Amino acid sequence: MGAQLRVYKRRIQAVTATKKITKAMEMIAASRIVKAQRKVAASQPYATELTRAVTAVATGSDANHPLTTEVETPTRAAVLLITSDRGLAGGYSSNAIKAAERLRERLASEGKEVDTYIVGRKGVAYYGFRERKVVDSWTGFTDNPAYSDAKRIAAPLIEAIQNETAEGGVDELHIVFTEFVSMMTQNAVDARMLPLSLDDVAEESTRKGEILPLFEFEPSAEDVLDALLPRYVESRIYNALLQAAASEHAARRRAMKSATDNAGDLIKSLSRLANAARQAEITQEISEIVGGASALADATAGSDK
Amino acid sequence: MAAELHVELVAADRSVWSGEATLVVARTTSGDIGVMPGHQPLLGVLESGPVTIRTSEGGTVVAAVHGGFISFADDKLSLLAEIAELADEIDVERAERALELAKSDADAAAERRAEIRLRAVAVR
């Protein structure tokens, strides 16, 4: 076998191995999307009921709770950025990071300081490499988050918003995550969690045509709100984590599918080249034999004379 | 037909139980409360403890909830809890083991969780 042909053969082998791996990753991701979607759906009833309850308290009482009233001049905002732990998911993490950068710029232009909280190794690495300050970060569960993870993340955020701004607290709470629209579409979005913009929430419930009844609060509206809002934040974070996980798997599936396709194309063109190289080798061998034979024939014809 | 109320018992990551009931008894921070059809709209904070649901078929469903809320309006009652388990789902032996472990480790939160589980089973 010629040197050229051997090189092609070796490359085809390497690409085939890569293709097998990406194909396996694609299938694993595809099966996990379904699981992740199911988790998103399972968490929906709790989130809906909780939002309804929060709306009911916030609109049904004149409670002036620090978590629902907007500060006149907000000076600090916390941003929670949700990225993935692992790569090989196309532009998934970098899109989320870019969305966070845009939000950060917007908040900065409004004269707010930004405290960053990060979920996922990719985001931590990005901020670490640029030596940016990160208040807190969590890693190790982005592909399959549990409610306890959301609770762990929410705790310092709730504490920060309850503190006075002068003592290191924040006035606003934003979250950046990748929304799962469909298998093919996932968007990096940012949303303000707190203070609650009641207009949005109220609008949503009136759109659905339900009139909120006048609730009796047990023990009191303030106490209910006090207990409700941390749960609300946790549930929002949990929902965001689940959607982000589903998006991560979908993004990985797509990235791995195109990697598999590319590997297939590469194998095809490499085997064409290998065939051409083999053919060239054969042609050369034939012409060498023919050349050698005719030289021999010429030589014997000469000696006969 | 006797009046009924629709009950949704949901935990953070799943819907635990839903169905029609005639009476729901739960413990709020200011005391036990029983809700029957036609009750005034209510929103309360739940204590960790057992919740008893009397179904319209005459059966009784007991669940252990760990913190959460009760909200009632238009004969629809929702019980929201971070963690909620039906008494039938609770593994008594495991809860007892967890209780002992929590006692020896002096883990107050785990001890309370295990106790609530056992109480819910006892009510059943």
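A residue here is called buried if 20 or more other C-beta atoms lie within 10 Å of its own, exposed if 12 or fewer do, and partly exposed in between, with C-beta atoms placed from the backbone. What you are looking at is a predicted model, where local features need pLDDT of at least 70, side-chain atom pairs count only at pLDDT 80 or more, and totals for chains, interfaces and linings use all residues. Residues are numbered from 1 along each chain as its sequence is written, while chains are lettered from A and ligands numbered from 1 in the order in which they are written.

View 1. A:Leu88 is partly exposed, because 14 other C-beta atoms lie within 10 Å. Look for A:Leu88 in the loop between strand S1 (76-82) and helix H2 (92-109) of chain A. Helices (H or I, at least four residues) and strands (E, at least two) are DSSP runs, numbered from the N terminus. A:Leu88 is not a glycine, yet its phi is positive, about 55°. For background, most residues other than glycine have a negative phi.

View 2. Which residues of H3(A) are buried? They are A:Arg121, A:Lys122, A:Gly123 and A:Tyr126. These buried residues pack against S1, H2 and strand S2 (113-119) of chain A; contact here means that the C-beta atoms of two residues, placed from the backbone, lie within 7 Å. Past the helix comes A:Glu131, with its positive phi near 55°. A:Glu131 sits in the loop between helix H3 (121-129) and strand S3 (136-138) of chain A. Is A:Glu131 buried or exposed? A:Glu131 counts as exposed, because it has 6 C-beta neighbours inside 10 Å.

**View 3. A:Phe180 and its surroundings.** Strand S4 (residues 172-180) of chain A holds A:Phe180. A:Phe180 is buried, because 23 other C-beta atoms lie within 10 Å. Leaving out residues up to four places away in sequence, A:Phe180 touches A:Val40, A:Gln186, A:Gln243, A:Ala246, A:Ser247 and A:Ala250.

**View 4. Where chain A meets chain B.** Here 24 residues of chain A are in contact with 24 residues of chain B. On the chain A side, the elements giving two or more residues are helix H1 (3-60), strand S6 (216-218) and helix H6 (221-304). H1(A) supplies the largest share of that side, ten residues. By class, the chain A side has 17 nonpolar, two polar and five charged residues. Ala, Val, Leu, Ile, Met, Phe, Trp, Tyr, Cys and Pro count as nonpolar, Asp, Glu, Lys and Arg as charged, and the others, Gly among them, as polar. Zoom in on S6(A) and you'll find three bridges joining it to strand S4 (residues 42-46) of chain B, with the two running parallel. Two strands pair if DSSP finds at least two bridges between them. In this pairing, A:Glu218 stands opposite B:Gly44 in S4(B).

**View 5. Strand S1 of chain B and its two partners.** Strand S1 (residues 5-11) of chain B is mostly covered, with five of its seven residues buried. On to its pairings: seven bridges join S1(B) to strand S2 (residues 14-28) of chain B, and these two run antiparallel. The hairpin between S1(B) and S2(B) goes through two residues, and B:Val10 stands opposite B:Ser15 in S2(B). S1(B) is also joined by six bridges to strand S8 (residues 76-81) of chain B, this time in parallel. There, B:Leu9 stands opposite B:Leu79 in S8(B).

**View 6. The annotated stretch of chain B.** An unreviewed UniProt entry labels residues 76-112 of chain B "coiled-coil region"; such annotations may be inferred rather than shown by experiment, and UniProt positions are given in the numbering used here, with feature names shortened. In the model, this span is 51% helix and 27% strand, and its end C-alpha atoms lie 30 Å apart. Chain B as a whole has two helices and nine strands.
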